[in-house]
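Morning, everyone. I have one structure to go through today, and I will keep to the geometry.

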Amino acid sequence: MTPLTCYLLVAAFLFAIGLAGALIRRNAILVLIGIELMLNAANLNLIAFWRYGPHPELLTGMIFAIFSIAVAAAEAAVGLALVIHIHRHTKTTYLDQINRMKG
Amino acid sequence: MIENLTQSFAPAAQVDGSLASQILWLIPALPILASGVIALLKQPRRKTSAALAIGALGLSLLLSLYAFAHVVSGWIHGIATREVVNLTWMQSGATNVDLGWVLDPLSAAMILMVSFVGLLIFIYSVGYMQHDPNFTRFFCFLSLFAGAMLGVVISNSILLLFMCWEIVGLTSYLLIGFWYQKPSAAAAAKKAFLTTRVGDVFFLLGIVWLFAQSSTLLFYNHGAGSLEPTALASLLHQPAAFGLTAAGAIGLLIFAGAAGKSGQFPLHVWLPDAMEGPTPVSALIHAATMVAAGVYLIARVYPLMAAGALTGGTTAALTVVTWVGAFTAVFAALIAVAQNDIKRILAYSTVSQLGYMMAGLGMGGVAVGMFHLITHAFFKALLFMGAGSVIHGSHEEQDIRKMGGLWRKMPLTFATYAIGMLALCGFPLFFSGFWSKDGILEAAQHWSVAKAPFYMLVFGALLTAFYMTRQVSYVFFGRERGEKPAHESPRVMTVPLAILAFFAVALGAIGTPAWPWFRSFLDGHAANFDWGGFAEPGLLALMGVSTLVVFLGLGLGWKLYGNQSPQPEAPDVLEKAAPPVWLALRNRLYIDEFYGATVIAFYYQWARFADWLDRRIWGGAVTAVAATFSLGARLNRFLDTNVVDDGFDKGCEELATGGGLLSLVQNGRVQTYLRLLALAVVALIVLLIWSSRA
Amino acid sequence: MSIAFYVSALLTLAGALASVLLKNKVHCALALTVAFTGLAFLFLNLNAQFAGFAEIMVYVGAVAILIVFAILLIKGSETPLHGVFSRSWPIGAAIAAGIFALLGWAVIESASHLPKPTPAHAVTVDQIGRALVYRYVLPLEVVAILLTVALIGAVIVALHEDGRTQ
């Protein structure tokens, strides 16, 4: 079991947990939490591959992870703003009831 | 007279191409054309229709005179004329269907007689039918009849003869039933048509057989015709049933047709009923011409009937003709004694005289029978027209018991009627009937087979004189028994009577033994005026016998009926003497009732069976087919509603349900979409790995 | 594997599990923070110091706080009346398990093909800076614009619509 494999397994597990959270929980904010977890699992994958992959001197993985963090932050902000907005209109964050897109 | 053969002419040479034979076809064509034009006219155009008919027949008369003159001039120069014009109508392989016409003494004499007597009757009809609303229709049918009769007479093709024969029968039907609103007239017309039809079936069989045997329809065709020696020889060698040769059998079949048309026993039943038609019709058709067509037919095919006869002997066919004729002559004369309708007496008289003609043909040959036919045409037409004049003058009364004393009121009619009556009776010397009937009696006397026809014909002559005297006494003598006073008829009716009376007398001149012009003309011999003709052995004795018979009949009749004028309701003298005999004779010897019980009843059963068949079986079959179709339609509808429609409905329902199910995926919930996405990713990756592995 | 790895991994995974399983949303947010911290430690283990500290600063210091603020703004601090898990949670769990199975299988399958571990490469901030500005200048600028847009957008979206906007 190389270290890379261990890190990858951890990242996979983390990803699965995040996905489960996004799929199972009723509240929109909890879905966003799940999404953050998934993003972080991906970051972990990137860093792990950068550390144990070829050409670490290019810093590709590291920079990628940094940008990913930045984008995640922006996305979290906008997402939470949307949740707040929806809550104001429908007075609920219960995802099952937000089905105006039903077709 | 038979042996008075002076120099015989050269055998009938066919010299075709003379003008007379070329224009011969116009003689029947003109009246038929006139009939067609009249058919297109409206009823009120009386003058036009009468003028057309009389004009056409007049032209035919002129042409007939020309043709007759042509033949006579040939005869004077010792040439026996037989000119033929033949046309091929259809061809089917080797057989031809030919039509054609012939100009020889027989046809020349007939066309002259038919057109002359016909013209007189046409003129007479103008006066007789004046008050009838269907004047135009009458002349249309009359003209068609005249044309068809002339067609029968000149025909050289047995098929053309049959076609014209049928048209004659048709017009007879149309004219007998002219007053079709009267049920008796309509029934009489049907009876006439059907009875003659029975004869025509046999006639057609004879035609077909003759055509099959001799492979030609023409009578005379330069040696190839069916009446010429070659064909007759082959017919004689062909045996048929009952010991007859083909010639004899065909002759008998043709005689059956002639018997129907000429009212011989047993097909005579239609003639008395045919008196339902107007009197000119009775005069023309049922006295002078149509009934004579049968006699003419036998005369025309005489070579066939006489084929194979040994010198001085006779053939089976001619024997049958003679017996039937003789029997009919006596039979009809008996019935005529007991009739009370003026036209019915004359009708039965016609049947009787036709029997005489047939007997004359059978025993004495063409000339004997034809001479009586010609003379009979004139005096019978005269008698019928006279009767018509009487009926007209007595305000449509037809029962002789209700007439009387008309000799004062209708002198012209009486005079001409008397001449006709004496001619019919055969009053000696001055009247044509005497000479023509004597010719027949002479032939009967010398007949080799049996003597009975002679005695029957003599007895018939007695009866003829008797019943005619009875009729004349009832009608013209005694006191007036009619309800209304009688008056003479107009000149347009009496002038033709006078003309016919003249000929009834004058025609005798061409048939006397001293100058047998007519016989020589027909037989193709020269005729010399020779008082020595009377020196024939047995001739004067025969003339004496017939004179005696005539006077006996006249005297008996006058004694019983003359100047008696019994009451209309009182029974007849003879009726008082022998009531059952009188009743049987009065009821026409129950022939009609016999036919009704046997033939008609049998036929009626068949008709009922056919009706049942038609309605149940064929109708049932049709109904079954219709039911099948209806069932098929119902099945179709069932399938359409339950299978197709329902199937379609279910399909649509399923589509809707499927759509409903599928729409559950689009529930607008983000988590559902997310789940699907994740699932899809898993599936895709698995697929990719699997495919790259494999 | 060193003990630091196991502790950090445990911390991360525990925190993550807690954050998705707990009922109270605020507890979830706090557990998330713990998970982020564990992750930071894992980054440090992987010799990615900059990424680790950036993780702490951004995620723990900003995102987690943001989440807590959002929870409070929507008044989600009370315990919910009905359940926190959706009615069809087994399906979701199964799908997540399927994903994990797939990823796990892929990782273990390829374990023999991975390169040998090499000693760590020293990374200085100077190098990162230079890389950002020289090599990755375009993504840098784009992310800058993105952050600006996100900022403005978030503000606009979450704004009260009562006519006082300027």
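This is a predicted model: local features need pLDDT of at least 70, side-chain atom pairs count only at pLDDT 80 or more; totals for chains, interfaces and linings use all residues.

Chain C, then. From the N terminus on, the elements run α-α-α-α-α-α. Of the 166 residues in chain C, 30% are buried. Among the contacts in chain C with a separation of 6 or more, 55% come from residues 24 or more positions apart.

Next, the contact between chain C and chain A. Chain C puts in 69 residues and chain A 61 residues. On the chain C side, at least two residues each come from helix 1 (3–21), helix 2 (25–45), helix 3 (49–73), helix 4 (89–109), helix 5 (125–135) and helix 6 (137–157). Which helix of chain C gives the most to that side? Helix 3 of chain C does, with 13 residues. By class, the side of chain C that touches chain A has 57 nonpolar, ten polar and two charged residues.

Now the first helix pair, in chain A. Helix 2, residues 28–52, and helix 3, residues 60–90, have axes that come within 9 Å and cross at roughly 175°. An angle over 145 degrees counts as roughly antiparallel, and therefore helix 2 of chain A is roughly antiparallel to helix 3 of chain A. Helix 2 of chain A contributes residues including Leu32(A), Leu39(A), Leu46(A) and Trp50(A), and helix 3 of chain A contributes residues including Phe64(A), Ala65(A), Ala72(A) and Val83(A). The class count for this contact is 17 nonpolar, five polar and one charged.

The second pair is in chain B. Helix 5 of chain B, residues 135–154, has 20 residues and reaches 29 Å from its first C-alpha to its last, close to the 28 Å expected at 1.5 Å a residue. Is this helix enclosed or open, and why? Because 19 of its 20 residues are buried, helix 5 of chain B is largely enclosed by the rest of the structure.

Its partner is helix 2 of chain B, residues 26–39; the two pack at about 160°, with axes 7 Å apart. That angle makes helix 2 of chain B roughly antiparallel to helix 5 of chain B. The crossing is left-handed. Among the residues that meet are Ile32(B) and Ile38(B) in helix 2 of chain B, and Phe139(B), Cys140(B) and Gly147(B) in helix 5 of chain B. This contact has 14 nonpolar, five polar and no charged residues.

That is what I have; questions are welcome.

Key: Residues are numbered from 1 along each chain as its sequence is written. Chains are lettered from A and ligands numbered from 1 in the order in which they are written. Two residues are in contact if their C-beta atoms, placed from the backbone, lie within 7 Å. Helices (H or I, at least four residues) and strands (E, at least two) are DSSP runs, numbered from the N terminus. Ala, Val, Leu, Ile, Met, Phe, Trp, Tyr, Cys and Pro count as nonpolar, Asp, Glu, Lys and Arg as charged, and the others, Gly among them, as polar. Axes are lines fitted to C-alpha atoms, for helices over the stretch in contact, and angles run from 0 to 180 degrees between N-to-C directions. Angles under 35 degrees count as roughly parallel, over 145 as roughly antiparallel, 65 to 115 as roughly perpendicular and the rest as oblique. The expected span of a helix is 1.5 Å times one less than its number of residues. A residue is buried if 20 or more other C-beta atoms lie within 10 Å of its own, exposed if 12 or fewer, and partly exposed in between; C-beta atoms are placed from the backbone. A crossing is left-handed if the near helix is turned anticlockwise from the far one by less than a right angle, and right-handed if clockwise.
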